[in-house]
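Subject: Structure handover and findings

Dear colleague,

Please find the structure below, followed by an account of what was found in it. I would be grateful if you could read the two together.

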Amino acid sequence: VGITLPTVEVRFNHLTIEADCYVGSRALPTLANSARNLAESALGLFGISFAKKANLTILKDASGIIKPSRMTLLLGPPSSGKTTLLLALADKLDPTLRVKGEVTYNGYKLKEFVARKTSAYISQNDVHVGEMTVKEILDFSARCQGVGTRYDLLSELARREKDAGIFPEADVDLFMKATSVEGVESSLITDYTLKILGLDICKDIIVGNEMQRGISGGQKKRVTTGEMIVGPTKTLFMDEISTGLDSSTTFQIVKCLQQVVHLTEGTILMSLLQPAPETYDLFDDIILLSEGQIVYQGPREHVVEFFESCGFKCPERKGTADFLQEVTSKKDQEQYWADKRKPYRCITVTEFANRFKHFHVGMQLQSELAVPFDKSRGHRAALAFHKYSMSKMELLKACWDKEWLLIKRNSFIYVFKTVQIILVAFISSTVFLRTEMHQRNLNDAQLYIGSLLFGMIINMFNGFAELSLMISRLPVFYKQRDLLFHPVWTFTLPTFLLRVPISILETVAWMAVTYYTVGYAPEASRFFKNFLLVFSVQQMASGLFRLIAGLCRTMIIANTGGVLTLLLVFLLGGFIIPKREIPSWWEWAHWISPLTYGFNAFTVNEMFASRWMNRQVSNSSTSLGVQVLNSFDVPNDENWYWIGAGALLGFAVLFNILFTFALMYLSPLGKPQAVISEETVEELEANNVDSNEEPRLMRPESSKYSFSADASNADENFQ
């Protein structure tokens, strides 16, 4: 009925990307270098710089077109700038890089629409929640990404079919309607994607991680791809998705993506390292990148013809992809020299790039780039102009369901925590047994204060499991945050609220075992007040440990910086050292310590009971309760109970808000830094080599979702 699917054409003109990199040993991650970096970043605010840095050109004057309905393969030797090009096209470059030139989608510049929602960058690292099954991961991705323009397309299609008197085939009509419904927990598009990716055989198996056995490496790669193609995004930039896969699995994945591109008129640029000949033949266009320059871009059929025109021939039994990656190398290109009668002459990458501009494919590309894209030809529905595809409440519901699922999958941890607190409560009850606890003098009262203090500390550290749990989930969160799956608060709010019932259960367990066994004040009102304080301490501690996880982001830093923070909170809480003994210049820290308010509230609640306040000690006119409060330097005011309880709940809310802001603005640690050896710099200066022959070195744009070095990619990341 004359409807054309919305398509995206990506253009990049004169794209140049540069980075400053440290020279030699200055780039090593030593303690001295870290301290210097910190000092120099502070001085850098005033324009002062001491570090010796060299300029590294990652991409140089790259121009080209990624066309819809065509599979485009990005080839090039390691450290040639492939990942940088993909990140630049997906609008995900590191902000510290210097970028010249422009990237457009259907004639729109990157700032005129939401590029990160229109396209998707698929990393070579498989980052998934190990406790979720394959189908659950794809369902969650589909719920967050929505259906895009499918519903509007179907409405227009139905109207035109009705006008033309066409009756659609029942199965096709049912499928299109089922895939256009948004907000469902499990959609038909997920089952369809599982089928075409060959994941239907493992859809109910957990993905797995280092501690849990799950699906195979090849299946994880397909889950990474399926996570994006299950949504309406049809512009994909895929970075070496074949890493760790055999050639057969790679062929199956690429074959599937070829069907997606040709049938749905998608736009895919995929980089592969040494693809097999049968995989190479699935692509329509080739982009060959070397030393940051585009050597060839155009139809696959003409690439060998171009190099033959330069004097190099691909041997009969040599794979074309391997030939293309070696022919631009000074070390390897001599073996492909065609005319043995003529002396071999090394052709540089710059010379290849210049010759391509005069090749018929290059001339046609230049003529296409010279004519600006006609915006009237492109449909606005092809681009995303809103940050999120779904309403905030739908995204919150999806995150809520996911969080509840993970709590059920990790139920052993929460059951173990409850059993642990019951065991400690029994031990505490036998140590502070009521038959041995008296209310005669100050020494007896100190035992009660000690037991209250022990209970507060135990309930605080009961939330310590949040630290490792949250840090293990951060890589997946950062990936989904950058892909604009959902706002940060839709992740933190369910994390906070769904653990409240668990905390209430643990508080009931602690109070039921300890309160009357130890022999605290028997009034019911003081029992429930103590209950509220234990619950508030648990909530405050959980929020604090989440905040430490969000700020530190790795277990190593959390176990050093985070524990140091806890030690200061304990030291200045008023129970290790009384407030009167704390130096005046540290008094501010005493009042911002949450445990100050917890200790005061626990002590006031117990000591203001009638059995302490009505008991007089010989040779003193004040009651025993007041003497205890004075000895511990706790305020002699019963209102301090409510001040302490309110402060603890306030700290719980504050820590969760700060945790939300930490996840919103902080990025993963461990960003690699480009390095140039001192000998290379001296050689460049001595020979006065121009910038286009700078060495291709450790790429600074390596994936930031990996929290550890990947030894398998060492030869690619370092040279």
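Helices (H or I, at least four residues) and strands (E, at least two) are taken as DSSP runs and numbered from the N terminus. This is a predicted model, in which local features need pLDDT of at least 70 and side-chain atom pairs count only at pLDDT 80 or more, while totals for chains, interfaces and linings use all residues. Residues are numbered from 1 along each chain as its sequence is written, and side-chain values use heavy atoms, with hydrogens and water left out.

Helix α17 covers residues 442-461 and includes L442. L442 has a relative accessible area of 29% and is therefore partly exposed (buried means under 20%, exposed over 50%, partly exposed in between, with a 1.4 Å probe and protein chains only). Leaving aside residues up to four places away in sequence, L442 touches L624, Q627, V628 and S631 (contact means heavy atoms within 4.5 Å). The C-alpha atoms of L442 and Q627 lie 7.5 Å apart, although 185 residues separate the two in sequence.

The largest nonpolar core has 74 residues, of which L257, M270, Y296, F307, F312 and L324 touch the most other members (such a core is a set of buried Ala, Val, Leu, Ile, Met, Phe, Trp, Tyr and Cys residues joined through side-chain atoms within 4.5 Å). Apart from it lies another core, of 72 residues, including V424, F432, F491 and M540.

On the surface, W400, W404, W489, L493 and L497 form a nonpolar patch with about 450 Å² of accessible area together. Patch residues have over 30% relative accessible area and no salt bridge; like charges are joined within 9 Å and nonpolar side chains (Val, Leu, Ile, Met, Phe, Trp, Tyr) within 5 Å. Areas come from the Shrake-Rupley method with a 1.4 Å probe, and for residues only the protein chains shown count as cover. A salt bridge is a side-chain nitrogen of Lys or Arg within 4 Å of a carboxyl oxygen of Asp or Glu. Helix α19 gives the largest share of the patch, 3 residues. L497 is found in α19 and, at 35% relative accessibility, counts as partly exposed.

Strands β1 (residues 10-23) and β4 (residues 98-105) pair in the antiparallel sense over 7 bridges (pairing requires at least two DSSP bridges between two strands). T16 stands opposite K100 in β4. Strand β5 (residues 108-109) runs antiparallel to β4, joined by 2 bridges, and K109 in β5 is the bridge partner of T104. β4 and β5 form a hairpin with 2 residues between them, and N106 in the turn has a positive phi of about 50°.
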